[in-house]
Amino acid sequence: MTPIARTVGLCSIFIAAVVGMFVYSVTRTPELSDAELREKGVFLLPTPRELTAFSLPAHDGGDFDLAALQGKWSFLFFGFTHCPDICPTSMSELGQVERELQQAYPELAERFQGVLITVDPERDTLDLVGRYAQAFSPRFVGVSSDRDSTAAFASQVNAVFAKMPDGDGGYTMDHTGNLVIINPYGHYHGFIKLPHTAETIRLAYLSLAARI
């Protein structure tokens, strides 16, 4: 082999290695530690908590229950359709994550589930909450039940809500703004604090999905 041929061969190997490292850095699934996630506002329970049986009506005519949580990482948001800011912002970020996953990680996207559980059943019918949830992603689930049933389930994942007069004869809803994380076994795994960003949700999901 001539010196020129040897040099060209070594350059080709070097370029291939660089390209390979670049492709790996782009396509690899990132995995953050619990401490790194905590810095981003993602808090994981030391031991995921099993949920007791529950059943709330879902907009598609089925039941949102333990069976509906199996095999997926579910991100639950307790909100309402008349919410002026936090709810649409958080749901929009959640929807962006779902779209990004469909493009970059289609297999992982199948295990990602966004759920909106209304805390305002007086105004949010199943049809309304379903249309609202699916405005952010056609794959999202809307849930609406009576106040007591919703509150009983919410208490299992450290979420609370209350009806508050608005001073104009109407009312608004005060509610926990966390995104609740449920793992594929149907266990309460943790939560993401406000403010929610697509980047944080995506990194949290990809990190968790790499573990289970």
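Helices (H or I, at least four residues) and strands (E, at least two) are DSSP runs, numbered from the N terminus. This is a predicted model, in which local features need pLDDT of at least 70 and side-chain atom pairs count only at pLDDT 80 or more, while totals for chains, interfaces and linings use all residues. Residues are numbered from 1 along each chain as its sequence is written, and side-chain values use heavy atoms, with hydrogens and water left out.

View 1. Of its 212 residues, 44% are buried; buried means under 20% relative accessible area, exposed over 50%, and partly exposed in between (1.4 Å probe, protein chains only). Among contacts with a separation of 6 or more, 70% link residues 24 or more positions apart, where contact means heavy atoms within 4.5 Å.

**View 2. Asparagine 158 sits in the loop between α7 (147-156) and β7.** Although asparagine 158 is not a glycine, its phi is positive, at about 60 degrees. This residue counts as partly exposed because its relative accessible area is 46%.

**View 3. Strands β7 and β8 make a hairpin with five residues between them.** Strand β7 (residues 161-165) runs antiparallel to strand β8 (residues 171-175), and five bridges join the two. Two strands are said to pair if DSSP finds at least two bridges between them. Look for methionine 164, which stands opposite threonine 172 in β8. In the turn, glycine 167 has a positive phi of about 90 degrees.

**View 4. Strand β9 (residues 179-182) is covered on both faces.** Leu179 and Ile181 lie on one side, Val180 and Ile182 on the other, and all are buried. Four bridges join β9 to strand β4 (residues 73-79), and these two run antiparallel; leucine 76 stands opposite valine 180. β9 also pairs with β10 in the antiparallel sense over four bridges, with glycine 190 in β10 as the bridge partner of isoleucine 181. The hairpin of β9 and β10 has four residues between the strands, and glycine 186 in its turn has a positive phi of about 80 degrees.

**View 5. A cis peptide bond joins leucine 194 and proline 195.** Its omega is about -5 degrees. Proline 195 is found in the loop between β10 (187-192) and α8.

**View 6. Helix α8 is mostly covered, with 10 of its 12 residues buried.** Among the buried residues are Ala198, Ile201, Leu203 and Tyr205.

**View 7. The largest nonpolar core has 60 residues.** Such a core is a set of buried Ala, Val, Leu, Ile, Met, Phe, Trp, Tyr and Cys residues joined through side-chain atoms within 4.5 Å. Those with the most contacts inside this core are Phe64, Phe75, Phe78, Phe112, Phe153 and Tyr205. α8 gives the most to this core, with eight residues. Not counting residues up to four places away in sequence, phenylalanine 75 touches several others, including Leu94, Phe112, Ile181, Ile201 and Tyr205.

View 8. Cysteine 83 counts as buried because its relative accessibility is 9%. Cysteine 87 is buried too, with a relative accessible area of 0%. Zero disulfides turn up in a search of the whole structure, a disulfide being a pair of cysteine sulfur atoms within 2.5 Å.
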